Amino acid sequence: MTSCSSTPPSRGTDRPGRPRLMPLLAGAALAALVAGCQVSEFASDGVHLKPVPYKLVAKMDRLGMAKRSPILMRIFKEESALEVWKRDTSGRYTLLKEYEICAWSGKLGPKLKEGDRQAPEGFYNVGPGQMNPNSSFHLAFNIGFPNQFDRSLGRTGSHLMVHGDCSSRGCYAMEDDQIEEIYALAREAFRGGQSAFQIQAFPFRMTAANLARHQNSKHIEFWRMLKEGSDHFEVTGQAPRVDVCGGRYVFNAVTDGRFEPGSACPAYSVPGGIEQLVAAKAAKDTSRVDQLMAKAANREARQERWAERERAIAAFFDRSRSGEDEPVAAPTAVVASAVPIPRRAPQRPKPSPEIVAATGGNWLRRERQPAPPEPAAPLAYAETPDNDGFFSGVAKGSRGLFRRATSVFK
């Protein structure tokens, strides 16, 4: 069973000694409708008649809203948010309050068939007849799934609600105090003359960042279509007119023909001001999506390069530990060749007697004149004389090991 909100059996009775109540209730209901009452007032506990909280009424006053002005609701699955918007004195819808959805079932994406326990996504209308004060889930209203678009694609399901009791099997479930407040806002809007309020149900907020994150979803084309309707609402501040043709939603469209869900769309236009505003917003968001996707691709490429480098380093050390590629110490001759070695003065041959006589015995002093200084040798690592110690052996091996590791980093 996929219904998540039901109505209990009638309170009429055939017990002896009791009058039948059904005819009386039917007559009362008819009289109420004739009098203009559009909401049932026969729930036993009267919870559906709770007034709108005083603080919320005060907020309406601050925002320039009448208590019985029209409402609109927006649902965002990923953020678990239900927003109530209300028309202000300027004629535009303004956000009144956001409620946290207690539970919704399924995953991101539209409801496709009866029993898939998937909460719907799309554009729906709720009239007074869809309000259920006798719900088994405290209070409820049916969002109207399947709508014309859903039926045109063969999607099935029934009794998809927004309700209380924080328990969902394909519905959007709220805490009881939340649904009481939401129900009261809808009731007052109906009493103010609104014939039906629109529900816009989205997988997530229709931002460029969210669309970029979900570009690889199989539902992305469906979500782009929903975003178009979201853009119409955001740029106009009005509930968009929604029609269905050619297997898709069309918004604020004007035509001389007819929109048929199962037929191709007729030639239509969108009022110039709205079309330009929506096109500008769509172009800006598309550009931002492209930027974010390029940035994400670059980030993934960097991460892959780092991962490849880490794998190469790990493989190198694994080979070294297994003995497949033993590190070899640098040759001593190469290291030592760079170390300056003290030089001893060469032994000079003793001069002949003739030289001694010619210099008057001063040949030695002349030979001992200081030689010009030799250029300093470049600094280099000098190997320690302790060639047999344990740590010296480790150092030799490590030098060869890290020399090879350096080549991997390069």
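Five strands make up an open sheet with mixed pairing, arranged in the order S4-S9-S8-S7-S6. Strand S4 (103-104) and strand S6 (131-132) stand at its edges, and because each has a single partner strand, one side of each is left without a neighbour in the sheet. The model described here is predicted. Within this sheet, strand S8 (residues 161-163) and strand S9 (residues 172-173) are joined by two bridges and pair in the parallel sense, with His163 standing opposite Ala173 in S9.

S5 and strand S10 (residues 197-202) run antiparallel and are joined by five bridges; the bridge partner of Val126 in S10 is Phe197.

| Disulfide | S to S distance | Torsion about the S-S bond |
|---|---|---|
| Cys102 to Cys166 | 1.7 Å | about -65 degrees |
| Cys245 to Cys265 | 1.9 Å | 95 degrees |

For Cys102 and Cys166 the torsion about the S-S bond is about -65 degrees, so this disulfide is left-handed. The pair links distant parts of the chain, with Cys102 in the loop between S3 and S4 and Cys166 in the loop between S8 and S9, 64 residues apart. Cys102 counts as partly exposed because its relative accessibility is 28%, and Cys166, at 30% relative accessibility, also counts as partly exposed.

The link of Cys245 and Cys265, with 95 degrees about the S-S bond, is right-handed. This pair likewise links distant parts of the chain: Cys245 belongs to strand S11 (residues 242-245), whereas Cys265 sits in the loop between strand S13 (254-255) and strand S14 (268-269), 20 residues apart. Cys245 has a relative accessible area of 0% and is therefore buried, while Cys265, with a relative accessible area of 30%, is partly exposed.

Methods. Residues numbered from 1 in each chain as written. Predicted model: local features only at pLDDT ≥ 70, side-chain atom pairs only at ≥ 80, totals over all residues. Heavy atoms only, no water. Pairing = 2+ DSSP bridges. Helix = DSSP H or I, 4+ residues; strand = E, 2+ residues; numbered from the N terminus. Disulfide = S-S within 2.5 Å. Buried < 20%, exposed > 50% of the residue type's maximum accessible area, 1.4 Å probe, protein only.
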